[in-house]
Amino acid sequence: MSSQKQVTNIFQSLWSETDTYEEDGIESYIARHQEWSDGKIGEWITLSLQCENPLIDKINILDAGCGLGVTFANIMSTSYVKEKVNIKYTGLDLIDLTKTKSFIQNEFQKEKYHVANLEVELVNEDIGKYCINNKETQDLVIAFGSLHHTQDVRKSIISTFQALKPSNNKKSGYFIGWVINSQKPLRAITDKFFREFFNKFSSIDDCSEELVILANIFEKLSLALGEEIIDIPKYSKLLDLKAGQYKLQSLLYDYFLKCYYRSDESKKRQLHQLFDWFSPDYYHQTTRDQLEKIILELNNDKSRCEILDIVSKNNGHYFFLRKHFLN
Ligand SMILES: C[S@@+](CC[C@H](N)C(=O)[O-])C[C@H]1O[C@@H](n2cnc3c(N)ncnc32)[C@H](O)[C@@H]1O
């Protein structure tokens, strides 16, 4: 089986369990986007959704590697545009997207979304192939947690940026992405141990017993550590750990092992998080320097890429780009 096929099977298995997301609701995950973007995601989305005539114009959004559409819903709910906007949403993924359609349509019935009319199109195709060949206009491209699961993260950033072609003769369009950062040295070793075990399974059901054991240990560990803080007086070269004050659980998580636990998430959702992290064959890591170099490659004689913001955390980089068309 090819690695891309293995990745597709993993996510097919995860996203088909829609009840995990429907029961939990998406509210608890919004906190994560706020945290990872240093509270900026609402501002970024609001800027990206601005249009001259909200009553008539339609904003085209491409979600590259959309999964169930959970992140699209999450980040749209953070917008504070004054007038409701019309959206044409194109969700692109290799998994079967039947459930994505009903999830998005049900979710966007809720009053909290500043959306007047939502048109949904779902495309079952590879990100690279679709983005290079497709001629449709896109005002905003989002790629959350997907590009590092493709064969080549650099090529995928370049091709998704290429898909950005603003409608209504606009001079620019926006790109919001999130890719994983490189792991700290010891975390990389413990990650490898778990990956070697979990990437043998293409369905979460086949390894759920082991996941439950881990999730229970991580829960107890987190509760035992509580809000405990530790001061690290000097830089540790061994751990690549800077001097400073750390929440002990976060330090353990980022520098030792992925002891994932969140009190605002169901146990099922936590099993998903562990499986999602440890199972896919492709999980390319990108350092901040590498990301900035890739972004430089996005400039060419037809368009220019402006970095509006990059927020780097230990787990990943949230980046907000603007594509300016030169003619
Ligand atoms: C971690 S999930 C993120 C889903 C969604 N963006 C979200 O945040 O809710 C990654 C998604 O990328 C999709 N994916 C991975 N490689 C892909 C490819 N080459 N083409 C299209 N989709 C891909 C997977 O199938 C999966 O649904």
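Start by colouring domain 1 (3-182 + 285-325) and domain 2 (185-278), as the domain assignment of the protein gives them; the bounds come from an automatic or database assignment. Residues are numbered from 1 along each chain as its sequence is written. The model is predicted: local features need pLDDT of at least 70, side-chain atom pairs count only at pLDDT 80 or more, and totals for chains, interfaces and linings use all residues.

The centres of the two domains, taken over C-alpha atoms, are 26 Å apart. Next, look at where the domains touch: 10 residues of domain 1 are in contact with 12 residues of domain 2 (C-beta atoms, placed from the backbone, within 7 Å). On the domain 1 side, select α1 (3-15) and α2 (19-24), the elements that give two or more residues. The largest share, 5 residues, comes from α1.

Now select α10 (residues 208-225) and α12 (residues 267-278), which pack at about 105° with their axes 10 Å apart; axes are lines fitted to C-alpha atoms over the stretch in contact, and angles run from 0 to 180 degrees between N-to-C directions. The two helices are therefore roughly perpendicular (65 to 115 degrees). Show Ser208, Leu211, Val212, Leu214 and Ala215 in α10, which meet Lys267, Gln270, Leu271, Leu274 and Phe275 in α12.

Finally, go to α4 (residues 41-48), where Ile41, Trp44, Ile45 and Ser48 are buried (20 or more other C-beta atoms within 10 Å of the residue's own, C-beta atoms being placed from the backbone). Seen down the axis of α4, these buried residues fall within an arc of 95°, so they line one face of the helix.

Key
Buried ≥ 20, exposed ≤ 12 C-beta atoms within 10 Å, placed from the backbone. Helix = DSSP H or I, 4+ residues; strand = E, 2+ residues; numbered from the N terminus. Arc of directions from axis to C-beta. Parallel < 35°, antiparallel > 145°, perpendicular 65-115°, else oblique. Contact = placed C-beta atoms within 7 Å.
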